[in-house]
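Here are my notes on the model you sent over, as numbered points. Have the viewer open while you go through them.

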Amino acid sequence: MKPILQIENLQTHFFTKAGVVKAVDGVSFDINAGEVVGLVGESGSGKSITGFSVMGLVDAPGKIVGGRIMFQGEDIAAMSPQQLQSLRGNRISMIFQDPMMTLNPVLRVETQMVEAIKAHDSMISKSEARARARDALGLVGISAPEERMRAYPHQFSGGMRQRVSIAIAMLNRPDLIIADEPTTALDVTIQGQVIHEMQRLCEVTKTALLWITHDLAVVAGIADRICVMYAGRVVEQGPIASTISQPLHPYTRGLMGSVPSQNRRGQPLQQIDGMVPSLLNLPSGCAFQNRCAMVSDKCLSEIPEPIDVGEQRLVRCVNVGQEPAS
Amino acid sequence: MKPILTVSNLSKDFTKPLDLIAKLLNKVGQDNKEEVVHAVDDVSFAVQRGEIVGIVGESGCGKSTLGRMVAGILSPTSGSVEFDAEQTKASDLPQALQTQMIFQDPFSSLNPRKRVIDIITEAPIFHGLIARKQKNEFAAEMLQRVGLDSDTLQRYPHQFSGGQRQRIGIARALAVSPELLVCDESIAALDVSIQAQIINLFVRLRDEFTLTYLFISHDIGVIEHISDRVIVMYLGRIVETAPISSFLQTPNHPYTKALLAGVPRLEVGKREYEPVSGEIPSPLDPPTGCHFHPRCPFASERCQREAPLLRELSAGHFSACHLNDEAQP
Ligand SMILES: Nc1ncnc2c1ncn2[C@@H]1O[C@H](COP(=O)(O)OP(=O)(O)OP(=O)(O)O)[C@@H](O)[C@H]1O
Ligand SMILES: Nc1ncnc2c1ncn2[C@@H]1O[C@H](COP(=O)(O)OP(=O)(O)OP(=O)(O)O)[C@@H](O)[C@H]1O
Ligand code: SF4
Ligand SMILES: [Mg+2]
Ligand SMILES: [Mg+2]
């Protein structure tokens, strides 16, 4: 089976006064139909810009300067503006951390949803569109959708607004949803509800999901595969279970160790010393070199290429395999 | 031993002014009124010296309001915050300095026009804790305590990373030798790997200086890691408080259980979320009786009518749920 989304060596750079910010610099990964892929990494590592690149939402001074994004076998870069328009919101949709990126504050929820449906299906009658909108709200767990859909976004709580934006993202049965920190602003119990709805909907509709977050634990609970980004590159990717139980890249290992866990209460957390280098001014060689415990001469001169270590795992570290994974 | 901090029947009400949208809607005929929020509602607890007490609960449940009252930067509507004079007079400080607050945002809480050395030494010089000529040496020592290089003393805050700025904020707090640190989401804005650095720092400082902490966070994983005791709040009230071991092993309140069940955990792996239903009610119009009853799977008619009181289940483990009455003979 061919992946629904193939990102090959994507490079998205920002040409700023201070210099070129290589926000995304050689990212490659695939998403299969119905699959949930978690894209994790620290702030500024390029997660959102990767998602925006797929959606064609990168604005100046940013530009995709290299690589290919194939959606269902078609090169997104070769699409006409109309094709892109119908791709967005129809076959691919995006959910943002702030639901107000999707919602218009001065329109009733109903109006927005009906418009979204009509934009992609001009033949549909108003009452049919309304019924579909109402059902979509019901599906994301909004009670009394018939009444609630007449409300304005500000009359909903944060969690409900996010659910409305999920309902809108699902309206046209997309094949892929890119969700950028969709639950980060939500409280634990509400986050649980939203994850639950997304999991269920994607299972039923076989929608593929790219879940962007800095929260490893969330990804551990929902993803089939994980991609770990550092300074604009995917440094490790693989199936979720083996990657989490046996991380191979020194950065992934450090990251896992710094998440508090019930099993390690009372012990100091493992910490990754130092900080992320400036993307304006990356060192030659591996971007993680200044924080890495395994650093060697090779790391300083050579940008590590993805190494296939088997079991569908790829790791960008020249020293992987040099030391038994712990 | 006597607690170093005793909070008794502490409450804070806010009158909520109308927001812009409500004002606009009023112009077109709606009738939105100013309302009163019981942000903190009759809260009592005590903290031992050297203890780290974690405070969890969902957005708007009153954690920050409680923290700010304990830190003395917000006056209560009623109730009291008392420090044990025996244990605090050693530091010879005005009461206000016994407690320092460390905020979420390391960016806005530091004066951008001041050098690190002045940020750290301003308060201790003002209060006569150190002499002006000790400034350099003192600031260098504070920086060293929080793991920063003393050659950064002359720099400005914008020349540091987020984690480093948070360390400067901590150094500034430590400079007046407080007994109690109130950390309000102090690590929430930091990256995971940097969070770990700061959490380790807090624990080390506790061990070295017997500092006491109120540690406010919505991140239950972090709370579990750092706390000796946990307080769970829901809409202004304490619904459960327990030593960390009981909190983890025998959580009692249905809300606590729902919270714990919803926490994403690295070690659990792929799973189905089965969340508690319902929205967090508006603090402007909290449910009657037990505030949690509209979302509680065990709610009975009594829960709608009558607010449950905190009841001790085992040593130091209190929970406010009517189910505990039924369990008793
Ligand atoms: N308009 C812009 N101009 C210059 N640099 C930009 C611009 N937008 C993003 N960047 C840079 O691109 C890099 C990647 O940003 P991105 O938003 O993808 O990070 P992220 O991984 O999503 O982080 P976060 O977790 O904070 O959302 C960052 O270093 C950011 O500063
Ligand atoms: N200055 C204020 N004026 C009016 N209402 C306030 C004020 N400060 C807080 N509140 C209200 O008091 C309640 C408790 O707020 P508080 O900030 O203490 O919650 P919190 O638990 O810290 O939430 P969060 O996790 O979002 O920080 C909320 O309903 C809030 O809207
Ligand atoms: S008092 Fe009632 S509603 Fe409240 S938590 Fe207990 S059972 Fe649930
Ligand atoms: Mg982002
Ligand atoms: Mg707060």
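1. Let me start with helix H7 of chain B, residues 162-174. H7(B) lies across E5 and strand E6 (180-184) of chain B, and runs at about 170° to E5(B). Helix H8 of chain B (residues 192-209) packs on the sheet as well, where it touches strand E3 (52-56), E5, E6 and strand E7 (212-216) of chain B. The direction of H8(B) makes about 160° with that of E7(B). Keep in mind that this is a predicted model.

2. Now the sheet under those helices. Going across, the strand order is E5-E6-E7-E3-E8-E9-E11-E10 in chain B, which makes an open sheet of eight strands with mixed pairing. Strand E5 (99-102) and strand E10 (311-314) of chain B are at the edges; each has a single partner strand, so one side of each is left without a neighbour in the sheet. On average, neighbouring strands of this sheet are turned by 20° against each other, direction ignored.

3. One pairing in chain B to click through: strand E8 (residues 229-234) and strand E9 (residues 237-243) are antiparallel partners, with six bridges between them. If you want a residue pair to look for, B:Val230 has B:Ala242 in E9(B) as its bridge partner.

4. Over to chain A. Its four strands E2-E1-E4-E5, in that order, form an open sheet with antiparallel pairing. Strand E2 (19-31) and strand E5 (74-75) of chain A take the edges with a single partner strand each, so one side of each is left without a neighbour in the sheet. Strand E1 (residues 5-16) of chain A runs antiparallel to E2(A), and nine bridges join the two. Within that pairing, A:Thr12 has A:Val24 of E2(A) as its bridge partner.

5. Which strands does helix H1 of chain A lie across? H1(A), residues 47-55, lies across E1, E2 and strand E4 (62-71) of chain A, and it runs at about 110° to E1(A).

6. H1(A) comes up again at ligand 1, where it gives the most to the shell, with three residues. The shell holds 14 residues, and the closest are A:Ser43, A:Gly44, A:Lys47, A:Ser48 and A:Ile49. By type, they divide into five nonpolar, six polar and three charged. For the polar contacts, a polar side-chain atom of A:Ser43 sits 2.6 Å from an oxygen atom of ligand 1. The side chain of A:Lys47 has an N or O atom 2.8 Å from an oxygen atom of the ligand, and the side chain of A:Ser48 has one at 2.8 Å from a ligand oxygen atom. On its own, ligand 1 has 630 Å² of accessible area, and the protein covers 65% of that. E1, E2 and H1 of chain A are the elements that give two or more residues to this shell.

7. Ligand 2 is the chain B site to look at. Of the 13 residues around it, B:Ser59, B:Gly60, B:Lys63, B:Ser64 and B:Thr65 come nearest. An N or O atom in the side chain of B:Ser59 is 2.6 Å from an oxygen atom of ligand 2, and for the side chain of B:Ser64 the distance is 2.7 Å. B:Gly62 uses its backbone: a polar atom there lies 3.0 Å from an oxygen atom of the ligand. Taken alone, ligand 2 exposes 630 Å², of which the protein buries 70%.

8. As for what builds the ligand 2 shell, strand E1 (5-16), strand E2 (35-47) and helix H2 (63-70) of chain B each give two or more residues. H2(B) has the largest share, three residues. The shell divides into five nonpolar, five polar and three charged residues.

How values were computed:
Residues are numbered from 1 along each chain as its sequence is written. Chains are lettered from A and ligands numbered from 1 in the order in which they are written. This is a predicted model: local features need pLDDT of at least 70, side-chain atom pairs count only at pLDDT 80 or more; totals for chains, interfaces and linings use all residues. Side-chain values use heavy atoms; hydrogens and water are left out. Two strands pair if DSSP finds at least two bridges between them. Contact means heavy atoms within 4.5 Å. Axes are lines fitted to C-alpha atoms, for helices over the stretch in contact, and angles run from 0 to 180 degrees between N-to-C directions. A residue is near a molecule or strand if one of its heavy atoms lies within 4 Å of it. A polar contact is a pair of N or O atoms within 3.5 Å; within protein, one must be able to donate a hydrogen and the other to accept it, and residues adjacent in sequence count only if both atoms are side-chain atoms. Accessible areas come from the Shrake-Rupley method with a 1.4 Å probe; for residues, only the protein chains shown count as cover. Ala, Val, Leu, Ile, Met, Phe, Trp, Tyr, Cys and Pro count as nonpolar, Asp, Glu, Lys and Arg as charged, and the others, Gly among them, as polar.
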